[in-house]
Amino acid sequence: MKRIFWLAMPLLLAAAPGQDGTPPFARATLNVQQGGTRGADGKVNGGSFAQVESFDVPADHQIHDQLIAFEGPGWESDKVAYRLYLDERNVPDIYGKRQPGAILPKIGMGHDDYHTLADWGMDVFQVDQSLGMGGIGVLRDGKVTQLGRSAIHAEARSIGTTAAVDVHNAGFPGAGGAADLKTRYAISPGSRVTMVTAAANGAVPRMVAGLTLHDGMTQVKGGTGRWRYFGTWGRQSLAKDDLGIVLFYRAGDAVQAGTNNGSLFVEFCDPARIRYAFAAAWVQEPDAPKTLDAFKAWADATAAGMDKQKEGAGTCKRPE
């Protein structure tokens with residue numbers, strides 16, 4: 001049954017020119033194996049992959065079982081690509097792009113062909129048990145954690161020129177009971193920035209969003225208006241070169257921001273209504289910032305651009 005997401009399309013930044021003169025674009029991809037069978041090793045084999053717009057994750061789905069190409073839905077522009085682990089991790093990852101064309105429809109179908117540097121780029125980030133590249137999580141007993149197991153429905157589609165991935169996590173472990181979360185990830189042509197809007201109900205716990213904090217990275221933060229940011233820069237890509245990651249949030253939405261359990265994080269004052277953004281910049285991408293100073297200047301300019309959008313600033317009180 002087709003599900004309707006209430007989430008409004010978030011603000012999106014104006015498109016910049018594509019790499020190497022290629023027209024800017026945005027695309028969402030959800031590529032699922034059809035007709036396969038699960039073997040004794042838990043992996044699904046023998047089927048063929050097909051792109052779908054809507055998918056209910058089966059209850060027997062396992063991490064790395066090859067049911068879904070690159071383990072979940074993805075969204076990309078001509079600048080960068082992201083994927084979401086469609087399981088209990090529920091956090092995004094980064095694909096760096098050395099070329100501007102669409103890459104997500106071509107990779108990850110039953111094999112990890114994105115872990116080695118190719119002409120198009122590669123998976124450039126290590127997530128582990130953290131919040132990854134802008135993932136939503138839960139503050140449980142004072143510890144930042146990933147979302148946890150739930151029944152999952154996902155949709156990947158275009159809304160005008162914008163690419164959007166909608167995910168419904170039903171029944172994740174909440175505050176003394178089960179909670180539901182509906183999230184939209186959206187990217188516009190010519191942009192590095194993913195805008196995120198989410199709504200939770202049920203036994204809603206303390207909700208956070210954040211970034212993996214790898215050892216030895218330089219932390220950055222900034223923003224002087226409604227939109228603030230934090231992130232890191234350094235030799236943290238899986239290609240062993242520089243990668244910058246950043247999360248943008250509205251100051252009026254934040255209870256606190258800090259470091260916890262391997263993640264930089266922000267906690268939201270209204271855990272039932274969440275809004276933030278994230279972006280990555282890898283030095284091998286043709287028009288990415290190549291230095292720490294350039295990355296911070298880009299983040300400052302992006303936050304200032306968000307401030308120009310007409311929206312309320314919000315006020316925040318710490319949850320009891």
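Start with β20 and β23: residues 243-250 and residues 273-282 pair in the antiparallel sense over 7 bridges. Strands here are DSSP E runs of at least two residues, numbered from the N terminus. Two strands count as paired if DSSP finds at least two bridges between them. In this pair, G244 stands opposite A281 of β23.

A word on the source. This is a predicted model: local features need pLDDT of at least 70, side-chain atom pairs count only at pLDDT 80 or more, and totals for chains, interfaces and linings use all residues. Residues are numbered from 1 along each chain as its sequence is written, and side-chain values use heavy atoms, with hydrogens and water left out.

Now the whole sheet. It is open, has 9 strands, and pairs antiparallel. The order is β6-β13-β14-β15-β16-β23-β20-β19-β18. β6 (54-56) and β18 (218-222) are the edge strands, each pairing on one side only. From one strand to the next, the twist averages 15°; axes are lines fitted to C-alpha atoms, and angles run from 0 to 180 degrees between N-to-C directions.

Next, β14, residues 162-173. Why is β14 largely enclosed by the rest of the structure? Because 9 of its 12 residues are buried, meaning under 20% relative accessible area with a 1.4 Å probe, protein chains only.

β14 has two hairpins to look at. With β13 (residues 151-159), the pairing is antiparallel over 9 bridges. A154 faces V167 of β14. That hairpin has 2 residues between its strands, and G160 in the turn has a positive phi of about 65°.

With β15 (residues 178-187), 10 bridges join the antiparallel strands. A164 has A186 as its bridge partner in β15. Here 4 residues lie between the strands, and G176 in the turn has a positive phi of about 80°.

Notes. Buried means under 20% relative accessible area, exposed over 50%, partly exposed in between (1.4 Å probe, protein chains only).
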